[in-house]
Amino acid sequence: MPMNVPKKRPVLDTDADDLFWLIEHCYAEYRGVVVERNGIDADLNHYAFELARLGGRGLVVCNAAGVVALVSGAPINRERYQLKKLYVHEEQRGSGLAKELVADVETWAIQHSSKTLELWSDTRFKRAHRFYEREGFVRQADTRALNDLSNSIEYKFVKRLQGRVAT
């Protein structure tokens, strides 16, 4: 198999530096959005552990250059599941990778008997919002302020999973 073919695997705590690099790279597209290694984003320092604590899961996609994508999800309650993080390096965008990763989280949600998949996204991430809407998520009226260094305000998106069958 060629070295540049992306490979999916579970996220590990030892991925921390690569996760910070990927997210910093994605945030560089947006003025004023920063990663807080010791603040709001500190969970990335031991992300596999943090996800396990929540009953969640995460995947990274790696190629010869390193981690090029991250997706994670966790249950909110018995009927709701959250897509916690989705980051895809710009060189992988448009490849169908993000769609595949969201499908992985939908499968996890369905396996947890969830009726909805929810996510929060910074109001500045308009390209991501278009992607989520194409994937069947509906933006809600709800917003939340994170009170972080980036002054983030986020929109809530919800996708109904009723009638879906786990594969």
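Predicted model: local features only at pLDDT ≥ 70, side-chain atom pairs only at ≥ 80, totals over all residues.
The protein chain contains four helices and seven strands. From the N terminus, its elements follow the order β-α-α-β-β-β-α-β-α-β-β. The radius of gyration is 15 Å, close to the 15 Å that the globule rule gives for 167 residues, so the chain is as compact as a globular protein of that length. Along the principal axes, the C-alpha trace spans about 40 × 40 × 30 Å. Of the 167 residues, 44% count as buried. Contacts across the sequence were also examined. Among contacts with a separation of 6 or more, 63% are between residues 24 or more positions apart.

The largest pocket was examined next. Its volume is about 1,000 Å³. A total of 43 residues line this pocket. Leu 86, Tyr 87, Phe 125, Ala 128 and Tyr 132 lie nearest its centre. Five elements are named as giving two or more residues to the lining: helix H1 (16-27), strand S4 (80-88), helix H3 (97-111), strand S5 (116-122) and helix H4 (126-134). Strand S4 gives the most, with seven residues. By residue class, the lining divides into 20 nonpolar, eight polar and 15 charged residues.

Ser 72 was considered in its local setting. This residue lies in strand S3, which covers residues 66-77. Ser 72 has a relative accessible area of 0% and is therefore buried, the cut-off being under 20%. The side chain of Ser 72 is joined to that of Tyr 47 by a polar contact of 2.6 Å. Leaving aside residues up to four places away in sequence, Ser 72 touches Tyr 47, Leu 51, Arg 57 and Gly 58, and also Gln 82, Leu 83, Lys 84, Lys 85, Val 105 and Trp 108.

Ala 141 provides the second case. This residue is placed in strand S6, residues 138-145. The relative accessible area of Ala 141 is 77%, so this residue is exposed, the cut-off being over 50%. Ser 72, by comparison, is buried. Ala 141 and Lys 99 are 42 residues apart in sequence. In space, the C-alpha atoms of Ala 141 and Lys 99 are 24 Å apart.

Definitions and conventions. Residues numbered from 1 in each chain as written. Heavy atoms only, no water. Buried < 20%, exposed > 50% of the residue type's maximum accessible area, 1.4 Å probe, protein only. Polar contact = N/O pair within 3.5 Å; in protein donor to acceptor, adjacent residues only side chain to side chain. Contact = heavy atoms within 4.5 Å. 1 Å grid on protein atoms, 1.4 Å probe; cavity = no way out; pocket = protein on both sides within 12 Å on 5 of 7 lines; lining within 4 Å. Points joined across faces, edges and corners; volume = space filled by probe spheres on them. Nonpolar A, V, L, I, M, F, W, Y, C, P; charged D, E, K, R; others polar. Rg over C-alpha atoms; globule rule 2.2 N^0.38 Å.
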